[in-house]
Amino acid sequence: MMTSRRSVLKAMAASGVLALGGSALASCSSDGERGSGETVDVTLTTYDGWPFGPMPTAKEQKDDPTAKAYAGVLREWMREHPGVKIKNATLNVWDQQALTTAITGGTAPSLYPGDVIGGWNRANVRSAMLQGLVADMTEYLEQYKVHDKLEDYAKPIWEKWEVNGRFYASPWIYNVGTGLHYRRDLVQELGLKEPTPDWTWDDVRELAKGLTEGKRKGIVLQGWGLNMGLNADGMDFHSTIPAPETGWNWRWDYSSRADQWIPLIERMRAMIFEDQSVLADISMGDGDTLAAFFRGDAAIHNNTVIYFTIPPGSDNAPADLAARLDKPIEEVVGWMTQPNGTNGRTANTQGQVDLVGFSPDLDDDALDAAMSLLLHVQQRGWVEQRKAVYEATNDPKHVYDWANIMPLFKGLLDQVPSSPEEAWGTKFMNEVRRAAQIPIAPNEAFYFPAEPNPAPSSTIRDDMTSRWTNERGNLDLRADLKKLDDTRNQQAQNFTSGISDEDFIEAASGYYEAHAAYWQENAPDYYQNVYQPWYEQNVLPALSG
Amino acid sequence: MSSHQPPVGAQQSPGADQASENRGGRDASAGQALAGTSGGPPGTLDGPPLDVAEGASTAQPTSHKLSRRRRLEGGLFVLPAFLFQLSWGWYPLLMAFVISFTNAQFRRPVEFTGLESYGRMWNDPLVAQAFKVTAIYAALNIGLTFMIPIIVAILLMEMPKKHIRWMMLLWFLPLSGIASTLLFRYLFNAQYGLFQWVATEVLHLPPQPFLNSSEQVLFWLVFPGILFFGPGLIYMATLQGIPQSYYEAAEIEGASFWRKVWTISLPRLRPVISMLLIFAVIGSSQAFEFPLIMTGGGPGGASRTVVMYLYDLLRNLRYADATALGVFLFVTTMALVVIQRRFFREDPDA
């Protein structure tokens, strides 16, 4: 199903949150812009103003102060780049099939959301990058010193997008990741324990049970949200075992630790079918969970942090919920990072950086112009647009909406009036800034070369989530885990990795050593009781052959 | 059934005349010329028999020319549709076959991989599951939204005309597909949907899982098709086109209601049933949007059809595998259509 995350990003694009901005002409030359001052004929095409659009019309500028601000800075940038034209494309860049077809046929816009080419799946995006669906931007990122300009919280996450030593995108926006949004007013009213950074899914269960009253459910969750309770203990991580002796280099084993996973699945099912504290249905999507929370049908929902900072007046804005109750937002809604695992595993909330991809058909001049304009829109343009919003609304909630609470680039917040704290409250922003400090767990992208060959999909794993969360009655969970193993391993038998055994073993050794170091420091109990024994029993024998 | 003969014969007559007219200008012109009637070329009408013969011989190339021109005109009329079908129908189909034998890389050199994708699809347990789901879905769909309307339409024809008009109007409500789909998402919600309210509050049943049950999900996905049955409208229109005299004659002969249905209504419906059955088989085998929006293929893949799995492969950039699966589906559907064409008699008088 279409995730609402995508729809949010579309909404952001449509409202011109990032699209409308200007250029920092002064920084062009100081940044060493290639060909500055030269007239180069370039036409850039973008869809629906994403990530920037053509010059707004006089009427648009009159009706929308942000459009006026954008027009001003775009005009300045255009004076320095007189040969550049920006045109609207008609292709919907948020549709993966349409976009990949257009790229293959050479008719794609100049810039598009980089995550869409792989359906927002990290491994697929990396694979699509290797297949040439986006231009190699390494040279331009270095030329414009993008790495140096990124905020410290965004830099390590952005660096995860390195593919075999190259970068095939530019960063677009940052957010701290997913967590649980909860009704603080109801928690306090009912005398329940408020979430803390060290909470677990057992705490969530208790809280949801306590918040369930009449027609109101304690928590609203759909497929992936319910899966978070299993991920907290690292179910998929521990069930994916390196197997360099096989063609695909990986095998799956959920069954041998079934005694560990079954209680987690049963807890999840008990929340739904015994406690009846979960609003869940197979037909529900992200948009439904958000709407249920906004309506008051559920007191907790699980989603990305940017759902807290929806600007007032938009669909399902928590700010409007608070206004309806005539209370400040921080008294009505709270946000907490993902609960820890019952085995002591932490760091289940991880930051994310979304991407801007560039058409592989653009020549050097066009890539240079696109990169230059993008960075101006994201920096000076961001500042100018935020200022214009503040002047027009005098409401910091409109200034620091969506991902604008934590801009991607350094030194921007200081240039804009008011603050995210003033907009959304100190408690919320403290949690967000704490989440931003959570170290990024070792990611396979850091260690393994991108896979050039087709990979087996995780469809059967998604099937199990939908079965466990929707099917009533007594399920044979052990049989389900066995089926999961059998299906994944049978599928993998027909795939061949493009990574040699030697390279795989070397990469895997580094990957698991990094995990060992990470957990030793960040979750010592989990490391000692779970990770280390599992590593010695499953991983080490596989890698030592 | 002898009473049926006159009207049937009467109906065949004009058709037969038309058929002879359509047989071609050449024969008709020659025949007319030999008979000395109008229609021949100038100068042949009043001449002696020899002239008539000559006239006939001169008429042949002229009518042949006309025939060629007609063929050309016909060809030109067909050409746009042919080119359209070629470029948007047969070419993609051909390319799907070709791509399924390659690694289908986006912007890298494509390599021939033989039957690798077919092997992957053949050994993927989820492919077999998707075909099973599609088969059950198709059987339910054809059984509930294709067969039932035949019976209902026949029964409705016994109602007063005023009622028939109302029923036809109700079935012909121009509902937006996506709007009704979204509406059904809420109606089916097992926690706060209208259907649950009907089940528990009106029918006093225990709470029903509806789409959340792997055993029920396919039935409930087909269920909306029963409420808005388009085929019923077509059946009724066809039934209305059967001359009343057929039934009157049958009644004079003392035929019962079911006898009339069996010997008049169903045979006359047969061509329409045959056509709609093909559409239903093809449509059911390609079921995609409704189950995707309603369940995403769940629970546990119990409602994931072949096309949904194909889409899943596309999202995972497995284009070669997806086209191989598409070829599987094409061959299966084609086989079903061929079987249907082979064993289903369309001619109502056969």
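Hi everyone, let's start in chain A with helix H18, residues 364-378, which lies across strands E3, E4 and E12 of chain A. Against E12(A), helix H18 of chain A runs at about 145 degrees. Please keep in mind that we are looking at a predicted model.

So what sits under discussion with that helix? E3, E12 and E4 of chain A form an open sheet of three strands, in the order E3-E12-E4, and the pairing is antiparallel. Which strands are at the edges? They are E3 (111-113) and E4 (170-175) of chain A, each of them pairing on one side only. On average, neighbouring strands in this sheet are turned by 30 degrees against each other, with direction ignored.

Let's zoom in on one pair. E3(A) meets strand E12 of chain A, residues 352-358, in the antiparallel sense, over three bridges. If you want a spot to look for on your screen, find A:Pro113, which stands opposite A:Val356 in E12(A).

Now for the two chains together. How many residues of chain A are in contact with chain B? There are 34, and they touch 34 residues of chain B. On the chain A side, the elements giving two or more residues are helices H5 (96-105), H6 (122-130), H24 (459-470) and H25 (477-492) of chain A. H24(A) gives the most, with seven residues. And what kinds of residue make up that side of chain A? It divides into 20 polar, nine nonpolar and five charged residues.

Terms used
Residues numbered from 1 in each chain as written. Chains lettered and ligands numbered in written order. Predicted model: local features only at pLDDT ≥ 70, side-chain atom pairs only at ≥ 80, totals over all residues. Contact = placed C-beta atoms within 7 Å. Helix = DSSP H or I, 4+ residues; strand = E, 2+ residues; numbered from the N terminus. Nonpolar A, V, L, I, M, F, W, Y, C, P; charged D, E, K, R; others polar. Pairing = 2+ DSSP bridges. Axes fitted to C-alpha atoms, helices over the stretch in contact; angles between N-to-C directions.
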